[in-house]
Amino acid sequence: MTNERLTGMYVMDPARFDDVYGPDERALIDRHLTIEQPPCSAADLSGSANALADIDVLVTSWGAPRLSPDLLARAPRLSLVLYAAGSVRGVVTEESWARGVRIASAGAVIADRVADFALAQILYALKHGWRYVLTARRARAAAVRRSEPGTAGATVGLVSLGATGRATARLLVRHGVRVLAHDPYVSDADARTLGVEPAALKEVFALSDVVSLHAPLLDETRAMVDAPLLRSMRPDATLVNTARGGLIDEPALVRVLEERPDLFAVLDVTDPEPAVPGSPLFTVDNVVVTPHLAGSLGPERRLLGRAMAEELDRYVAGQPLRHEVTAEAMEHAA
């Protein structure tokens, strides 16, 4: 990198600015960037013709502007976007890749938080925790215990070994469970390095005590969890979804849960999100819905800003970026 000081600008949802970029994170960024303009929204930016003329680095998060041809034309010096959030699909464009604008995302940091939540739900499901809570509440009496798999000898299935799936796998193998994983874009050898057994999607559903979804929502994955897969689940199995609601055919899920009261579903995401009032997801006995708790919440969001400040350190030093997203990696990513 050149020794010339870079210019930067914060563009994101102003309501989340302090959540992500606190005083400490801003101080780290200020070491390398001259930022003369106050934080603004993408809408504010679109109304200013010259705001981007001298900007080298955009520092963003949720509410980031899309790197459209118009924006790129108004930002001739733009070389780096620091995105303190997850998927960059709504930010990057074919034009930004062609222009060589680099982008770093805090998706891996979020993935660790999602994996923590997924692990908690998986371990709780192996003890049938939610089932007993809901049964006791309905009966207004202590629930009668049945045979719970626990962790010893249990099988957990993961759908996708992207950043979140891998992070979840690493946590699970420490608990001594057998982990199956389906990801058509990950080699069997790569899967085994994580301590998991590669398996077909049908095997994951048919053999697992808990199936945990971590796939991106793409055209080919929308409603991939359909009635045949759900009906194939072993007795007393649980489906956990901390990824995207659209991965599940929700009407089919409701039907199968009503047909098979032994199955259970823990949904942290729905389609649409939030689920519409009166949805059967709120009344079917064997499902719980949580309000998208997986991911980075509250003070955890400062970790995203810190990760981007550290990326800026590496960028200025001419070092490889740890969280850079490439066009090739985007093909099958969230």
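Predicted model: local features only at pLDDT ≥ 70, side-chain atom pairs only at ≥ 80, totals over all residues.

Biologist: In what order do the strands of the open sheet of 6 strands run?

Modeller: The order is 2-1-3-4-5-13, and the pairing is mixed. Helices (H or I, at least four residues) and strands (E, at least two) are DSSP runs, numbered from the N terminus. Two strands pair if DSSP finds at least two bridges between them.

Biologist: Which strands stand at the edges?

Modeller: Strand 2 (33-34) and strand 13 (324-325) do; each has a single partner strand, so one side of each is left without a neighbour in the sheet. Helix 13 (residues 301-316) packs on this sheet and touches strand 1, strand 2, strand 4 (80-83), strand 5 (102-105) and strand 13. Contact here means heavy atoms within 4.5 Å. The direction of helix 13 makes about 155° with that of strand 4; axes are lines fitted to C-alpha atoms, for helices over the stretch in contact, and angles run from 0 to 180 degrees between N-to-C directions.

Biologist: How many bridges join strand 1 to strand 2?

Modeller: There are 2, between strands that run parallel, with strand 1 covering residues 6-10. Thr7 has Thr34 of strand 2 as its bridge partner.

Biologist: What about the open sheet of 7 strands: what is its order?

Modeller: Its order is 8-7-6-9-10-11-12, with parallel pairing. The edge strands are strand 8 (197-198) and strand 12, each pairing on one side only. Helix 7 (residues 129-139) packs on this sheet, where it touches strand 10, strand 11 and strand 12, and its direction makes about 100° with that of strand 11.

Biologist: How many bridges join strand 10 to strand 11?

Modeller: Strand 10 (residues 238-241) is joined to strand 11 by 4 bridges, and the two run parallel. Leu239 has Ala265 of strand 11 as its bridge partner.

Biologist: And strand 6, how many of its residues are buried?

Modeller: 5 of the 5 are buried, so strand 6 is largely enclosed by the rest of the structure. Buried means under 20% relative accessible area, exposed over 50%, and partly exposed in between (1.4 Å probe, protein chains only). Thr155, Gly157 and Val159 lie on one side of the strand, Val156 and Leu158 on the other. Strand 6 pairs with strand 7 in the parallel sense over 5 bridges, and Val159 has His182 as its bridge partner in strand 7. Helix 8 (residues 163-173) lies across strand 6 (155-159) and strand 7 (178-182), running at about 170° to strand 6.

Biologist: Now the charges. How many salt bridges are there in the whole structure?

Modeller: The search finds 19. A salt bridge is a side-chain nitrogen of Lys or Arg within 4 Å of a carboxyl oxygen of Asp or Glu.

Biologist: Where do Arg306 and Glu25 lie?

Modeller: Their side chains meet in a salt bridge (3.6 Å, N to O). Arg306 lies in helix 13 and Glu25 in helix 2 (residues 23-30), so the pair ties together parts that are 281 residues apart in sequence. Arg306 counts as partly exposed at 31% relative accessibility, whereas Glu25 counts as buried at 6%.

Biologist: Which residue forms a salt bridge with Arg77?

Modeller: Asp54 does, with the closest N and O atoms 3.9 Å apart. Arg77 is in the loop between helix 4 (69-74) and strand 4, and Asp54 is in the loop between helix 3 (42-46) and strand 3 (57-60), 23 residues apart. Arg77 is partly exposed, at 35%, and Asp54 is partly exposed, at 49%. Asp54, Asp56 and Arg77 are linked in a network of salt bridges.

Biologist: Turning to Asp268, where is it found?

Modeller: Asp268 is in the loop between strand 11 (264-267) and strand 12 (287-289). Asp268 is buried yet has no salt bridge, and the nearest side chain of opposite charge, Arg244, is 8.5 Å away. Lys and Arg count as positive and Asp and Glu as negative; His and the chain ends are not counted.

Biologist: What does the side chain of Asp268 make a polar contact with?

Modeller: Its partner is the side chain of Thr290, at 2.6 Å. A polar contact is a pair of N or O atoms within 3.5 Å; within protein, one must be able to donate a hydrogen and the other to accept it, and residues adjacent in sequence count only if both atoms are side-chain atoms.

Notes
Residues numbered from 1 in each chain as written. Heavy atoms only, no water.
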